[in-house]
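Please look at the sequence and the structure below before reading on.

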Amino acid sequence: MSKLSKISFLMAGISLVCMSITRYILGQWVPFCWLALGMSVLFVAIGIIKDRAFFKEFLTMKTTKEGMSMGVLILLMLAVLSVVNYLGVRHYATWDFSTAQSNTLAEQSIKLVKSLDSELKVYFFYKKGVEGNEENRRSFRDLIKKYQDINTNIQLNFVEVNERPDLAKEFGVDKGSGTAFVEYKGRRNLLQKIDEQEFTSSLVKVTREKNKTIYFTIGHGEAAIDDAKEGLGLNALKVILERNRYTVKLLPLIQDPVVPADADVVVIAGPIQNFLAHEIEALEAYLRKGGSLFIALESQNTANLDKLVAKMGIELGNNYIFNIVDTVMGQGVNQGPVMGSVFSPMNEITKSFGASEVTLFRHPQSLKAKEIPGMAVDELVRTNPKSMAFTSLALKDDGPVGSFALVDQVIGQWDSDPKNKQFSAIIAGDVDFMTNQMLYQNLNRDLVLNSIASLAKEENLISISPKEAQATQLVLTETKFGIFLFAFLIPLPLVLLGAGVTLYMRRRNA
């Protein structure tokens, strides 16, 4: 190769290095990069033309042809691997072998994500150097990846606050501990924490075009929705509803006996004083128009709503239900919280509840369904068959034993008049299960929120029970342990030892 060709190839290499360094430092493509690239191509062309005879002879050599053949095979292999990698990224399947299915999204999340018809933008704001950011980013990426596997319309953006101060200001972010937002069709919501419950709840909020309105009746000693200090208040429930973009309002029917037109759900939570006749008429008028009603009544205090409930096909037991437990002294009455452990398997409200999960109540009364034309009753929650009903909390005399309904759903047309719209109602024989003290126990929160979502005709807002990792237990009987010991634990080391000795002796005598 001539000296001019060597110099040309050297200058071509220097031009490429200059182009790469310029592109890296400036972070973008500038006109100088085109100039450096052009100079590199020009010098390569000069070197090839100058020693074209040398290159022609080099390409006709046998070793060159064999080397080029090998190079082509390598390039084909790289191309095949690239295609396989691309297809693997675009189309793949995952399997979740965990006992609690902790790596799989809930059915409600999957249904909601599949319904996205526009781009969903997810922003994660952070600051470099802040402790815990890398771990938060990794956890958040893993969570969003589960949703992206279902719908490719989800776009995840990691934003460094100091590098994009304009975007941080737009979102009102001034901290770097890891703040995340979800944005869909111009609607935006802040994530409070990194888990499936929070993210799916945020999806519901940004995909809903308008808020639903929940009215709580007042004036009859109902549990107070603004009471956050007392255990029997409903402030915890109010906070959750507002976080799910429900508008919570008070309904003083005693002053104005008309249910507002914007009422999506009316809740009557544990009234003590009786409803007046004109208030009940207002509720009936609301149901005729296809309203949704949630009634939670304490035992032996119907608040004059027993006749209203009876028209729906529900008879109040006016008793106290307790679970029966087995003790060393025999069977006894468990005077603690009552467990509702039998759930309606086909109802949207309870079908996701597991067989080993329970809801907890305090001194609930039983509900009995009656056949009323035009009314369909579904028993959402029942106790196990080992339960007993008492007429008073004194527990003096044994009552009937069996499985008792504690929460029912009623769907029908008021007065069986086909001119009336179809209404929906949830009747519960206890109010304590939805109070501050018990709302977050077991499945209580899910039962309440699922009921509200169903009444508000928002099946996508079904709450998701947190999934907890479960330890895998290995139970070996004496027979199984013997098989494991003599068929695997003892023979395997002996086989490995024998193979090692055999190989050693052969190599030594070779």
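Arg 188 is partly exposed, at a relative accessible area of 35%, where buried stands for under 20%, exposed for over 50% and partly exposed for what lies in between (1.4 Å probe, protein chains only). Its side chain meets that of Glu 183 in a salt bridge, 2.7 Å from N to O. Glu 183 counts as buried, at 17% relative accessibility. A salt bridge here is a side-chain nitrogen of Lys or Arg within 4 Å of a carboxyl oxygen of Asp or Glu.

The model is predicted: local features need pLDDT of at least 70 and side-chain atom pairs count only at pLDDT 80 or more, while totals for chains, interfaces and linings use all residues. Residues are numbered from 1 along each chain as its sequence is written, and side-chain values use heavy atoms, with hydrogens and water left out.

By the salt-bridge rule, the count comes to 17. Three of these pairs are set out below.

| Pair | Closest N to O | Relative accessible area |
|---|---|---|
| Asp 117 and Lys 185 | 3.2 Å | Asp 117 55%, Lys 185 47% |
| Glu 134 and Arg 137 | 3.3 Å | Glu 134 51%, Arg 137 14% |

Asp 117 and Lys 185 form a salt bridge. This pair links distant parts of the chain, 68 residues apart: Asp 117 is in the loop between helix H5 (107–114) and strand S1 (120–126), and Lys 185 is in the loop between strand S3 (179–184) and strand S4 (187–190). Helices (H or I, at least four residues) and strands (E, at least two) are DSSP runs, numbered from the N terminus. Asp 117 is exposed, and Lys 185 is partly exposed.

Glu 134 and Arg 137 both belong to helix H6 (residues 133–148), where three residues, about one turn of the helix, separate them. Glu 134 is exposed, whereas Arg 137 is buried. Elsewhere, salt bridges with shared partners join Glu 284, Arg 288, Lys 311 and Asp 415 into one network.

The next topic is the strands. Strand S7 (residues 265–269) has five of its five residues buried. Val 265, Val 267 and Ala 269 lie on one side of S7, with Val 266 and Ile 268 on the other, so both faces are covered. S7 pairs with strand S5 (residues 212–217) in the parallel sense over three bridges; two strands pair if DSSP finds at least two bridges between them. Ile 214 stands opposite Val 265 of S7. S7 also runs parallel to strand S8 (residues 292–296), and four bridges join the two. Ile 268 has Ile 295 in S8 as its bridge partner.

The largest nonpolar core has 41 residues, and those with the most contacts inside it are Phe 216, Val 267, Phe 294, Val 407, Met 434 and Ile 452. Helix H12 (residues 444–455) gives the largest share of this core, six residues. A nonpolar core is a set of buried Ala, Val, Leu, Ile, Met, Phe, Trp, Tyr and Cys residues joined through side-chain atoms within 4.5 Å. Leaving aside neighbours within four places in sequence, Met 434 is in contact (heavy atoms within 4.5 Å) with residues including Leu 234, Val 267, Phe 294 and Val 448. Another core, of 30 residues, lies apart from the largest one and has Tyr 215, Ala 282, Val 309 and Ile 314 among its members.
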